[in-house]
Amino acid sequence: METRVIDGRELSNRLREDIKSRVERLKEKGITPGLAVILVGNDPASAVYVCNKEKACNKVGIYSQVIRLDENTSQETLLEYIYGLNADKTIHGILVQLPLPPQIDTNAIINAIDPAKDVDGFHPVNMGRLMIGEDCLEPCTPKGIIRLIQETGQPIAGKHAVVIGRSNIVGKPVALMLLRHNATVTICHSKTVNLKEIARQGDILVVAVGKPNLVDSSFIKPGAIVVDVGINRVDDKLVGDVNFQDACQVAGWITPVPGGVGPMTITMLLENTVLAAERKWVE
Ligand code: NDP
């Protein structure tokens with residue numbers, strides 16, 4: 001069977017058209033969805049991510065406000081900004097770009113964001129709701145991964161999904177979301193014994209580790225859907241965690257890096273911002 005590439009850019013563009021229409025409908029009601037992004041410090045990768053988010057907002061008509069703060073900003077100052085944005089009626093989504101400098105307790109910052117404006121879906125209230133199957137703002141990367149899997153047209157229900165990686169931002173929430181879609185889920189991590197054998201049982205294999213070429217064709221069940229979340233810079237090139245060429249000999253579907261999960265993450269951020277604004281309007 002020939003491997004089909006799941007094109008995250010094409011899917012993103014299609015979804016962004018829908019987001020644009022939803023923004024227009026909100027604007028007709030007098031509401032402009034607004035996203036505030038806070039960037040603390042001078043990390044070049046973070047600066048690029050923030051810039052991309054700003055551009056993406058502008059393209060679909062979402063108002064974006066970027067707050068750039070000094071590397072030495074105190075936790076108290078950052079909290080004051082968050083409290084201000086929580087109360088700001090023009091802002092429907094708040095995102096604090098991670099990582100934060102060491103003097104700031106990341107959890108304290110995430111916990112301070114109003115859960116209704118937590119468009120990253122990292123607040124314990126949203127995470128808890130995800131856990132118990134209640135409506136919530138879902139974290140962007142896992143949400144994008146589910147959409148990419150759905151794009152294959154294959155049902156998730158009843159499939160064995162293997163997730164490699166158990167971080168709070170990707171591995172754990174994507175495992176919960178796959179469970180919510182009635183997959184049978186196995187979560188693997190750095191202490192997993194027989195990783196390859198377990199991975200090879202997956203009808204769906206999600207790899208979110210951050211190690212180039214960790215997964216090759218010997219980890220993949222013939223015909224499986226493979227989602228490569230990893231972003232690694234090797235010799236000035238972006239690569240995932242999966243050896244793409246080799247995996248293509250076995251996988252049924254695969255996401256490329258770049259052009260797979262990456263564009264979907266920003267698209268889901270836009271969607272969550274619109275969702276938060278729509279919910280505010282209904283209240
Ligand atoms: P973390 O470093 O937080 O987590 C990595 C996970 O991989 C951990 O659970 C770790 O296990 C596990 N792991 C490490 N080594 C191995 C191994 N040899 N075998 C099996 N499991 C292993 O990373 P993130 O989840 O934040 O990100 C993962 C990757 O996804 C990164 O490359 C990141 O850049 C990328 N990413 C991409 C996004 C996108 O939009 N495309 C968004 C977010 C992340 P343990 O818990 O035991 O330490």
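Modeller: Strands (E, at least two residues) are DSSP runs, numbered from the N terminus, as are helices (H or I, at least four residues). This is a predicted model: local features need pLDDT of at least 70, side-chain atom pairs count only at pLDDT 80 or more, and totals for chains, interfaces and linings use all residues. Residues are numbered from 1 along each chain as its sequence is written, and side-chain values use heavy atoms, without hydrogens and water.

Colleague: Which strand holds Asp 228?

Modeller: Look at residues 225-228. Asp 228 sits in that run, strand β8.

Colleague: Is Asp 228 buried or exposed?

Modeller: Buried means under 20% relative accessible area, exposed over 50%, partly exposed in between (1.4 Å probe, protein chains only). Asp 228 has a relative accessible area of 4%, so this residue is buried.

Colleague: How far is the backbone nitrogen of Gly 230 from a polar atom of the Asp 228 side chain?

Modeller: Take the backbone nitrogen of Gly 230 and a polar side-chain atom of Asp 228. Their separation is 3.3 Å.

Colleague: What distance separates the centres of domain 1 and domain 2?

Modeller: Domain bounds come from an automatic or database domain assignment. That assignment gives domain 1 (31-114) and domain 2 (140-262). Taken over C-alpha atoms, their centres are separated by 29 Å.

Technical notes. Polar contact = N/O pair within 3.5 Å; in protein donor to acceptor, adjacent residues only side chain to side chain.
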